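Biologist: Please take one part of this model and go through it closely. I want the interface, with a cut-off for every term.

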Amino acid sequence: MAVVVPTAAQIHLEHVEKTYPNGTVALRDVTLEIPKQDFVFLVGPSGAGKSTLVRLLIREEKVTAGTISVEGQDLSRLKRRHLPFLRRKIGMVFQDFKLLPNLTVFQNVAFALRVTEGALRHLKPKVEEVLSIVGLEGKETKFPDQLSGGEQQRVAIARALVHDPRIFLADEPTGNLDPATSWEIIQLLLQINARGTTVMMATHNREIVDVMRRRVVAIEGGQIVRDEDAGGYHAPALESH
Amino acid sequence: MHRLWNRIDFAFSSAWQNFWRNAAVSVASVLIVWVVLLALGSLLLVLHSLDQIVALEKTKASAISVYLADTTPLSSAMDFKLHLENDSRVTGVTYVSKDQAMARFRQLPALDPSVIDTLGTNPLPASLDVTVKDIRDLAAIDQEVRSSPLVDKSPATNYEPNVIDKIILLARVAGIAGLVLIIGLTGLSVFIIMLTIRTAIYLRRKEIEVMKLVGATDWFVRWPFIVEGLIVGVVGAAVAVLIVGFGYRPAVINLQSVLIFIPLAFDPVYLRVVLAAMLLFGLLLGSVGSYLGVRRFLKQ
């Protein structure tokens with residue numbers, strides 16, 4: 001079945017279902033559109049399907065039914081050998097940072113360029129550029145265990161930025177951070193968004209979502225239960241959607 | 001060019017790190033590769049030597065030397081020669097005197113001429129070298145000449161009907177036994193290299209996760225492990241090649257001095273072929289083992 005993908009949406013999910021091999025239904029009939037330069041909070045209880053949605057977007061998992069397109073590309077038809085090039089368009093950060101402990105800050109960021117065969121001539125200026133965006137100048141030679149949690153997440157963000165991604169996915173990026181540090185990370189994501197990158201952040205952090213008043217997509221039991229602009233963590237009592 | 005260099009540099013430096021990071025496992029796989037290649041090289045050289053012997057024995061197959069008693073006068077020997085020449089089965093007869101026999105004997109490889117000189121008298125008999133049309137007639141002729149009083153009794157002839165068959169059988173048995181051994185060892189070494197690669201992949205699982213996350217291609221992730229397998233193959237092969245390369249000649253010389261009458265020769269051309277084959281086989285073991293390793297353990 002040919003699905004016409006509207007060009008306006010950068011991320012487009014159409015009746016997406018995801019059932020894991022063990023029978024767990026993670027997502028059912030999810031339809032979602034995210035236009036370019038949007039800033040979206042993905043909220044919901046643990047196990048609601050947020051992480052599954054993120055994994056589907058970088059095609060770590062395939063949909064059981066329905067279609068997902070990213071940048072006009074139908075992910076279920078994406079060949080495995082083209083997958084790396086999708087990943088280069090999408091920057092990703094996680095709750096646990098996923099830094100390499102035996103590499104310095106500089107090397108951790110440079111690693112992403114080296115393994116994707118970015119031209120080495122431009123490696124140093126590019127790494128310095130993204131490190132200055134996240135405010136880590138002067139920490140280049142430190143190792144991850146010499147940094148605070150917030151600084152480690154900044155390194156991860158810098159690493160996710162080296163390919164100038166069009167989309168930035170953050171899966172619980174503040175999950176391990178104290179409130180003050182969390183706010184610094186959010187400021188950074190806003191800054192990235194302001195540079196023209198679409199940002200999607202899955203989070204449990206109620207305070208941040210409520211204060212920010214951005215688009216909120218709430219998932220519960222594998223379904224989208226709420227999608228509102230300038231929303232809060234919980235649905236307003238009388239709002240009908 | 002820049003990118004290619006980056007790819008090669010990354011693959012080799014990671015592979016080298018992997019090799020030393022799990023040094024014990026790496027050394028085990030180098031050892032097994034070494035054993036396989038040593039067996040392969042030795043087998044090829046032994047079979048080649050047996051081939052040499054068979055080839056030489058075959059040229060001698062249609063001929064028989066009839067040894068004459070030292071008491072036989074030359075005229076009687078010539079009569080006997082004539083008698084044999086008149087036999088329809090015989091194509092030719094050559095008389096070899098005691099002195100000629102000694103001259104031939106002196107030409108045997110690895111024989112010290114000074115040893116012969118200490119003998120004083122010449123112990124070798126004169127002989128009639130008879131060639132026949134059909135090898136199958138050799139047995140009958142052998143029987144006939146033995147009854148002649150002119151013929152030496154210890155031994156009467158050099159007729160040994162089964163020697164070629166025995167050598168061919170020996171070569172075949174050695175070949176099959178060696179092949180079975182090498183096939184078994186090959187399977188074992190591929191398996192051990194696979195485990196080595198698996199260990200390396202496990203030690204690098206975090207890096208691999210990050211590489212895939214930031215968009216490294218499958219082959220960029222795989223290459224370091226393939227190169228590690230190749231390093232194992234090359235190192236194992238190199239050690240085996242050195243041993244066989246430097247050991248073949250002394251081994252031949254030693255055997256020549258023990259087995260005087262067996263025509264064994266050092267064959268440098270064939271040695272080079274064997275060494276090249278060993279190196280190639282080492283590379284093959286390394287690449288197959290590591291390919292299976294990355295195939296099985298780097299899915300997704």
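**The interface, seen from one side**

Modeller: Three salt bridges are counted between chain A and chain B. The rule asks for a side-chain nitrogen of Lys or Arg within 4 Å of a carboxyl oxygen of Asp or Glu. This is a predicted model, so local features need pLDDT of at least 70 and side-chain atom pairs need 80 or more, while totals for chains, interfaces and linings use all residues. Residues are numbered from 1 along each chain as written, chains are lettered from A and ligands numbered from 1 in written order, and side-chain values use heavy atoms, without hydrogens or water.

Start with the extent. On the chain A side 25 residues are in contact with 21 residues of chain B; contact means heavy atoms within 4.5 Å. Together the two chains bury about 2,200 Å². Of that area, 55% lies on carbon and sulfur atoms. Buried area is the accessible area (1.4 Å probe) that two parts lose on being put together, summed over both. In chain A, the residues that lose the most area to chain B are A:Arg80, A:Arg114 and A:Glu117. Those three account for 30% of what that side buries.

A:Lys98 reaches B:Glu209 in a salt bridge between side chains, at 2.8 Å from N to O.

Which elements supply the chain A side? α2 (83–89), β6 (90–94) and α3 (105–114) of chain A each give at least two residues to the side touching chain B. Helices (H or I, at least four residues) and strands (E, at least two) are DSSP runs, numbered from the N terminus. α2(A) gives the largest share, four residues. By class, this side of chain A has 13 nonpolar, four polar and eight charged residues. Here Ala, Val, Leu, Ile, Met, Phe, Trp, Tyr, Cys and Pro are nonpolar, Asp, Glu, Lys and Arg are charged, and the others, Gly among them, are polar.

In chain A, six strands form an open sheet in the order β6-β7-β8-β3-β9-β10, with mixed pairing. Two strands pair if DSSP finds at least two bridges between them. β6(A) is an edge strand and pairs on one side only, as does β10 (223–228) of chain A. From one strand to the next, the twist averages 15°. Axes are lines fitted to C-alpha atoms, for helices over the stretch in contact, and angles run from 0 to 180 degrees between N-to-C directions.

Last, the charge pairing beyond the interface. The model has 23 salt bridges over all chains. One within chain A joins A:Lys126 to A:Glu129, with the closest N and O atoms 3.5 Å apart. Both residues lie in helix α4 (residues 123–133) of chain A, three residues apart, about one turn of the helix.
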